[in-house]
Structures are given as C-alpha cells and as structure tokens.
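Colleague: Hi! Could you walk me through this one?
Modeller: Happy to, here it is.

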Amino acid sequence: MKPAVLSMLMKRRSIRKFSGKTLSKAQVRTLLEAAMCAPSANNKQPWRFIVVTDPELIREVCLAHPHAKFGVDAGAVFVVFGGREGNNHLFSDLGAATQNLLLCAANIGLGATWCGMNEERQKLVNPLVGLPDRYWCYAVIPVGVPAEKKPPRTQYDETKVFYDRFKERPGPGARP
Ligand SMILES: Cc1cc2nc3c(=O)[nH]c(=O)nc-3n(C[C@H](O)[C@H](O)[C@H](O)COP(=O)(O)O)c2cc1C
C-alpha cells in the first residue's frame with residue numbers, strides 16, 4: 001500500500017485552468033501557513049508574500065509574465081519574494097516555501113502552478129505589485145478552484161539513484 005504522504009505529494013500537479021472563483025480568507029491563511037512551515041537556513045524564514053486578490057491586478061500580473069497567462073482566472077496570485085542582500089540560501093528557502101504552498105493547495109482542493117522568475121520577468125512584474133529593487137521576486141503562483149483534472153503520478157526513476165557512491169552509467173541519471 002502506498003503511504004498516505006506519497007498520495008498527498010502525487011496529488012500536486014500544475015493546474016492551469018481555473019473556475020474564476022475567489023479564494024476564501026481561510027484558504028489564503030491555510031496556504032500561507034503551509035508555506036511558512038518550510039525549513040530555512042538558520043531558521044531565517046526570509047520569505048515574504050504578496051497575495052493578489054484584485055481581479056484586475058491578477059490579470060495584469062499574469063499577463064505580464066511570459067508563461068503565466070493562463071492564470072487570469074485564478075482566485076488569487078501569490079507572489080513569493082525575499083530580501084536580496086546577505087542570504088546565500090534565499091533561493092532554497094523560498095523554493096521550500098513555494099513547494100509547501102503548492103502541496104497544500106493540491107490537498108485542500110485547489111489548483112496552482114509555480115511560475116518561475118528571473119531578472120527580466122521581475123522588471124515586468126515587480127512594478128505592478130509595488131516591489132522595490134532590494135527584493136528578489138522568486139515565484140508567481142496563480143491559485144484557484146481547478147477547472148481541469150490531472151491524475152496523480154509517480155516520477156520515480158531508478159536510474160537517477162545511486163547508493164553509497166556515484167557510478168558512471170548510461171541513462172538519464174548520468175546526465176542531470
Ligand atoms: C522553477 C519552476 C519554474 C516554473 N515555471 C513555470 C512557468 O513559468 N509557467 C508554467 O506554466 N509552469 C511553470 N513551472 C511548472 C512546470 O512546468 C511543471 O512543474 C512541470 O511541467 C511538471 O508538471 P507537474 O507540476 O504537473 O508535475 C515551473 C516549475 C518550476 C519548478
């Protein structure tokens with residue numbers, strides 16, 4: 001039998017079609033609480049979040065990002081960001097928070113997709129949400145009531161696993 005935790009993890013798929021329904025305050029709070037459960041280096045908890053709920057702004061943010069246009073019907077967009085200076089682990093910490101939020105969404109009946117950021121995308125998105133340059137905008141996450149279904153699936157691949165020591169061998173595991 002599959003452990004319950006694996007079923008919860010496999011439920012998370014990138015959902016890119018939404019019903020247009022808004023999220024409740026309780027849902028937003030649950031997602032933020034899940035994100036803030038994440039581990040962080042020295043327990044700095046450097047994550048910050050802008051929760052975009054204004055439909056017009058949701059639209060603007062999603063259309064500004066080259067690969068988030070599907071998010072215009074989301075109930076909210078979570079912008080994950082943190083201070084740029086003096087934290088070598090910022091990306092890892094923000095990644096952990098982002099993943100927690102996605103896993104939580106999938107397990108409370110919502111859909112979401114992690115939309116990655118870079119310098120270029122930040123120039124388009126940050127001004128819309130009033131984010132000053134001293135912050136690194138890490139991810140934009142449209143979240144909503146799903147209007148599509150995707151099956152849970154495993155991505156387990158034995159060729160990507162080594163026990164005790166790395167060994168050269170054919171297969172995708174040899175070239176990450
Ligand atoms: C760092 C990162 C950046 C991503 N950026 C985007 C994006 O800009 N737009 C998008 O639609 N999906 C984006 N994705 C989602 C991936 O396309 C998706 O996770 C992958 O295809 C696997 O599908 P699954 O999430 O359903 O398992 C991103 C995922 C990660 C981890």
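Modeller: Let's start with Asn126, which sits in helix α5 (residues 119-129). Helices here are DSSP runs of H or I with at least four residues, strands are E runs of at least two, and both are numbered from the N terminus. This is a predicted model, where local features need pLDDT of at least 70 and side-chain atom pairs count only at pLDDT 80 or more, while totals for chains, interfaces and linings use all residues. Residues are numbered from 1 along each chain as its sequence is written, and side-chain values use heavy atoms, with hydrogens and water left out.

Colleague: Is Asn126 buried or exposed?
Modeller: Asn126 is buried, at 6% relative accessibility. Buried means under 20% relative accessible area, exposed over 50%, and partly exposed in between (1.4 Å probe, protein chains only).

Colleague: And which residues is Asn126 in contact with?
Modeller: Setting aside neighbours within four places in sequence, Asn126 touches Met117, Leu131, Tyr135 and Cys137. Contact means heavy atoms within 4.5 Å.

Colleague: New topic: how many aromatic pairs are there?
Modeller: Five aromatic pairs. Rings of Phe, Tyr and Trp (its six-membered ring) pair if their centres lie within 6.5 Å; planes under 30 degrees apart are stacked, over 60 edge-to-face, and the rest tilted. One of the pairs is Phe91 with Trp136, whose ring centres are 5.2 Å apart with planes at 40 degrees, so this pair is tilted.

Colleague: Which residues form the aromatic cluster?
Modeller: Phe91, Trp114, Trp136 and Tyr138 form one cluster. Phe91 is partly exposed at 44% relative accessibility, whereas Trp136 is buried at 13% and Tyr138 is buried at 14%.

Colleague: Last one: at what angle do α2 and α4 cross?
Modeller: Helix α2 (residues 25-35) and helix α4 (residues 90-107) cross at roughly 140 degrees, with their axes coming within 7 Å. Axes are lines fitted to C-alpha atoms, for helices over the stretch in contact, and angles run from 0 to 180 degrees between N-to-C directions. That makes α2 oblique to α4; angles under 35 degrees are roughly parallel, over 145 roughly antiparallel, 65 to 115 roughly perpendicular, and the rest oblique.
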